[in-house]
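Hi everyone, thanks for making time this morning.

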Amino acid sequence: MEPLVIDKVTKHYLREGQPAVEAVKGVSFSVRPGEIFGLLGPNGAGKTTLISVITTLEKPTSGDVTIFGHSVLTEPLKTKMSIGVVPQEIVSSGFFNLEELLQYHSGYYGLRHNLPRIRQLLDRMSLTEHKSKIMRQLSGGMRRRMMIAKALVHSPKVLLLDEPTAGVDVALRNQLWDFVRELRAEGVSIVLTTHYLQEAEELCDRVGIINKGELKYVGPTKEIIKDLTQRKVEVQLRSGQVIPLIMSKGDDLGVILKLQNLKLEDIHDLNIEEGTLEDAFVKVLSL
């Protein structure tokens, strides 16, 4: 059974005296066990609305979302028990220290004796020495790690990460990337929304690109790069001349060199620059 299935979801917002706003238009995709799925799109594309439907904050106008076979419409409590959410905005939680906050959060899921899990998470997030601090005493990076600990306190098998590395430094970003990979290895299914496309390219097994409420592409990250981008090739000749070439999918380098009247004995080196997910993303939005 697939952890997360979005089935023909639409979401319309009614406006008095005006046409309804179609925020999401018949979107369908699924997320597999132990997969990192990147949900990508420009601002206003419908990503936040879709996340809100998954988390039961919004009801779809039509369609459904199921978490391990349970519908967000008919079994919302069961679906919420199986998902963890890391919002983009960092939430400050009053006067509870970190350990108290995680104990309180555990109570939402009926977990009264969850201290071993709480201490495990504090340790994995490098927050043990700060467990007696309150949120406003933490740095931005520590708060981000605490939000992840909150999302994982009930050991969910589906994790929604909304811009998890927004505003963090390079060192912390790399640490969070490593942790996300560890979660995938443990079988957690992860939906990642990010505007940092290098992050999506680095982490995501598959991506879905949404624009103006419509899902434009779903597939393996490597395949979209291969299918929709071009490779830049620099041919360095023994004479010192450098010849730039462009290769699309299916092009044969040997044939291109032959068309350029280049012989192998004249070539000193080749420098090949692959396309990026950002290149593919721009191409999808232009279609």
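A quick definition before we start: two strands count as paired here if DSSP finds at least two bridges between them. Also keep in mind that this is a predicted model.

With that in hand, look at strand β9, residues 206-211, and strand β10, residues 214-220: they pair in the antiparallel sense, over six bridges. Within that pairing, G208 stands opposite V218 in β10. The hairpin of β9 and β10 has two residues between the strands, and K212 takes a positive phi there, near 50 degrees.

Now let's zoom out. Which order do the strands of the open sheet follow? There are six of them, running β6-β7-β8-β3-β9-β10, with mixed pairing. The edges are β6 (83-86) and β10; each has a single partner strand, so one side of each is left without a neighbour in the sheet. On average, neighbouring strands of this sheet are turned by 15 degrees against each other, direction ignored.

Finally, the helices. Helix α1, residues 47-54, lies across β3 (36-40), β6, β7, β8 and β9, and runs at about 135 degrees to β3. Helix α10, residues 277-286, also packs on the sheet: α10 touches β3, β9 and β10, and its direction makes about 35 degrees with that of β9.

Notes. Residues numbered from 1 in each chain as written. Predicted model: local features only at pLDDT ≥ 70, side-chain atom pairs only at ≥ 80, totals over all residues. Heavy atoms only, no water. Helix = DSSP H or I, 4+ residues; strand = E, 2+ residues; numbered from the N terminus. Axes fitted to C-alpha atoms, helices over the stretch in contact; angles between N-to-C directions. Contact = heavy atoms within 4.5 Å.
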